[in-house]
Amino acid sequence: MGKDTLEVIAVEATQANMMDYEEARRQFDWADVEKRFSWYESGKVNLAHEAIDRHAASELKDKIALHYSDPQRDESYTFEQLRQQSNKAANMLRELGIGKGDRVFIFMPRTPELYFTLLGIIKIGAIAGPLFEAFMETAVRDRLLDSGAVAIVTTPKLVGRVPAAELPELKHIIVYGEESELENGQIHFSTAMDAASDETEIEWVEPEDGLILHYTSGSTGKPKGVYHVHQAMLQHEYTGRVVLDLQPDDIYWCTADPGWVTGTSYGIFAPWLNGATNVIRGGRFSPQDWYETIQRYKVTVWYSAPTAFRMLMGAGDEAVEQYDLSSLRHVLSVGEPLNPEVIRWGYRVYQQRIHDTWWMTETGAQLICNYPRMDVRPGSMGRPLPGIEAAIVDDQGNELPPLRMGNLAIKTPWPSMMRKIWNNPAKYEEYVRIPGWYISGDSAYMDEDGYFWFQGRIDDVINTSGERVGPFEVESKLVEHPAVAEAGVIGKPDPVRGEVIKAFISLREGFTASDELKQEITRFVKEGLSAHAAPREIEFKDKLPKTRSGKIMRRVLKAWELELPTGDLSTMED
Ligand code: WTA
């Protein structure tokens with residue numbers, strides 16, 4: 001299974017490096033990782049201190065921590081400058097009475113100010129809630145309401161999507177932009193930052209205190225707030241060191257937005273905990289722009305996603321040849337299955353193995369990976385990190401032997417594991433329903449050498465261009481449209497995006513199917529929820545397949561779409 005593909009680029013699995021791995025696992029102890037932090041000595045914990053201030057007080061003080069650029073701006077900040085700017089942000093928030101445990105959201109495109117703010121939130125012990133700038137009003141409201149956010153930092157362009165009147169707990173709207181664009185009651189970011197001191201007292205917290213809330217999609221219900229704590233920094237530091245392989249001279253670029261956990265765990269925490277120079281490129285994706293970014297900064301370590309690699313592959317070899325990408329020494333991927341085809345292409349054009357890594361918003365950091373020194377088996381996610389026990393289990397929690405497909409499970413706990421789902425203990429329990437195990441919702445198998453191979457999601461969650469979309473959230477929006485009686489949403493396989501969203505819709509009386517109506521419904525979701533949640537395809541049906549209890553059977557819709565057998569229909573209504 002899959003093994004025949006590996007000889008193309010992998011070095012032989014030598015006895016030596018296999019033993020290396022086993023030995024590393026035997027010797028590993030999270031307590032040794034803890035010793036690398038200043039809080040091991042001082043007892044004072046705050047991730048932002050370890051990521052920024054500690055370096056600003058060391059010989060790394062004047063090292064570039066952040067290279068930021070977009071089509072309008074081009075700036076660099078040292079660790080000392082980041083320390084000062086994040087202190088200002090911390091003071092700005094404190095001035096408003098915001099403090100430990102409060103939820104503060106960030107709703108803005110990638111700019112240096114986003115990073116100052118996020119670090120400032122952490123410095124005062126508040127909990128950061130990053131949002132994608134693509135979110136529309138419903139998506140923003142659901143997340144702010146559920147978390148009881150007290151403040152949001154946003155921009156004039158996006159503030160219109162913050163329905164303040166429907167958010168009783170939201171007290172402060174801070175806007176980064178021209179002062180003249182502000183409305184009554186809004187706080188001007190730059191004025192407040194200018195007035196704030198660049199020195200602050202960090203709020204020392206407990207390792208188990210809240211750090212960040214990432215909302216993500218499941219197959220049922222509204223998006224859930226995945227809650228992470230400061231203790232997670234152990235795993236961010238460790239994986240930054242051994243999986244990203246960050247070394248003192250590296251120039252590191254993670255292409256993810258902080259609205260996604262990859263953009264915080266690996267766009268902020270892992271690189272800065274390791275004292276690395278971090279590249280942030282704002283603006284839109286284009287192959288030329290991305291290659292230009294690597295060439296310009298001489299990026300050495302590059303972390304991106306299969307969907308991006310597929311788009312780069314689509315742009316052709318000529319695009320690569322126009323740039324000098326010889327600085328690259330380590331390339332990684334996360335978010336969805338990494339196609340062997342892409343790995344082979346990457347090896348040819350970048351002379352780099354693309355190293356797949358597997359993890360989830362809920363796991364907070366990487367768990368199963370292809371290490372730099374390990375053979376890459378194209379199509380496999382790699383092996384569990386030292387300190388992590390992974391297994392394939394059946395629905396009762398029995399471990400299955402190699403090559404049997406089942407639930408991908410991780411032995412609990414590990415430092416960066418989510419501690420709860422905000423406001424929703426029942427949802428959390430679903431993940432840990434089998435004592436001792438975290439059940440990921442992915443199905444996979446393990447080969448005889450302990451490499452894990454992803455097979456699919458067990459639930460209906462859609463992965464489109466690496467973004468998780470919950471079908472329920474899209475269906476809920478669809479049925480708000482006056483023409484829509486019922487809607488069922490599935491992921492349809494797509495060569496570039498992994499999956500695209502397809503909606504099956506039955507219309508209300510008095511509405512007739514047409515292409516204009518399809519476009520209007522798509523626009524409705526785009527403008528109400530977000531562009532990436534809008535269906536790329538709509539099919540009208542007189543009736544949707546439902547269970548006797550009235551649940552739309554997405555499994556049947558998917559079987560129709562793929563022209564597969566529909567399976568057991570005994571629960572379907574007549
Ligand atoms: C999928 C946060 C295959 C998987 C990083 C998982 C992957 C979900 C991989 C998490 C991979 C992530 N190979 N599938 N290397 N990495 N996934 O929380 O289904 O947005 O459960 O990702 O993405 O999505 P999330």
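**A walk through the predicted model**

Phe285, Met311 and Val496 make a nonpolar surface patch of about 210 Å². A patch is made of residues with over 30% relative accessible area and no salt bridge; like charges are joined within 9 Å, nonpolar side chains (Val, Leu, Ile, Met, Phe, Trp, Tyr) within 5 Å. Accessible areas come from the Shrake-Rupley method with a 1.4 Å probe, and for residues only the protein chains shown count as cover. This is a predicted model, where local features need pLDDT of at least 70, side-chain atom pairs count only at pLDDT 80 or more, and totals for chains, interfaces and linings use all residues. Residues are numbered from 1 along each chain as its sequence is written, and side-chain values use heavy atoms, with hydrogens and water left out.

Val496 sits in the loop between strand 24 (484-494) and strand 25 (498-507). Helices (H or I, at least four residues) and strands (E, at least two) are DSSP runs, numbered from the N terminus. Val496 has a relative accessible area of 32%, so it is partly exposed. Buried means under 20% relative accessible area, exposed over 50%, and partly exposed in between (1.4 Å probe, protein chains only).

Now turn to the ligand. Of the 19 residues around the ligand, Asp356, Thr357, Thr361, Arg457 and Arg468 come nearest. To be near, a residue needs a heavy atom within 4 Å. A ligand nitrogen is 2.8 Å from an N or O atom in the side chain of Asp356. A ligand nitrogen also lies 2.7 Å from a polar backbone atom of Thr357. The protein covers 99% of the 530 Å² of accessible area that the ligand has on its own. A ligand oxygen is 2.9 Å from an N or O atom in the side chain of Trp260.

Glu362 comes next. It lies in the loop between strand 14 (354-358) and strand 15 (368-369). Its relative accessible area is 0%, so Glu362 is buried. The side chain of Glu362 makes a polar contact with that of Tyr431, at 2.6 Å. A polar contact is a pair of N or O atoms within 3.5 Å; within protein, one must be able to donate a hydrogen and the other to accept it, and residues adjacent in sequence count only if both atoms are side-chain atoms.

Some backbone details deserve a look. A cis peptide bond joins Thr412 and Pro413, with omega about -10°. Pro413 is in the loop between strand 18 (406-411) and strand 19 (420-421). Lys298 is not a glycine, yet its phi is positive, about 55°. Lys298 lies in the loop between helix 11 (287-297) and strand 12 (301-304). Lys298 counts as exposed because its relative accessibility is 56%.

Finally, consider charge. Side chains of opposite charge can pair when their charged atoms come close. A salt bridge is a side-chain nitrogen of Lys or Arg within 4 Å of a carboxyl oxygen of Asp or Glu. The whole structure holds 42 salt bridges. One of them joins Asp245 and Arg329 (2.8 Å, N to O). Asp245 lies in the loop between helix 9 (233-242) and strand 10 (251-254), and Arg329 in the loop between helix 13 (317-321) and strand 13 (330-333), so the pair ties together parts that are 84 residues apart in sequence. Arg281 and Asp289 also form a salt bridge, their closest N and O atoms being 2.5 Å apart. Salt bridges that share partners join Lys492, Lys502, Glu537, Glu539, Lys541 and Glu561 into one network.
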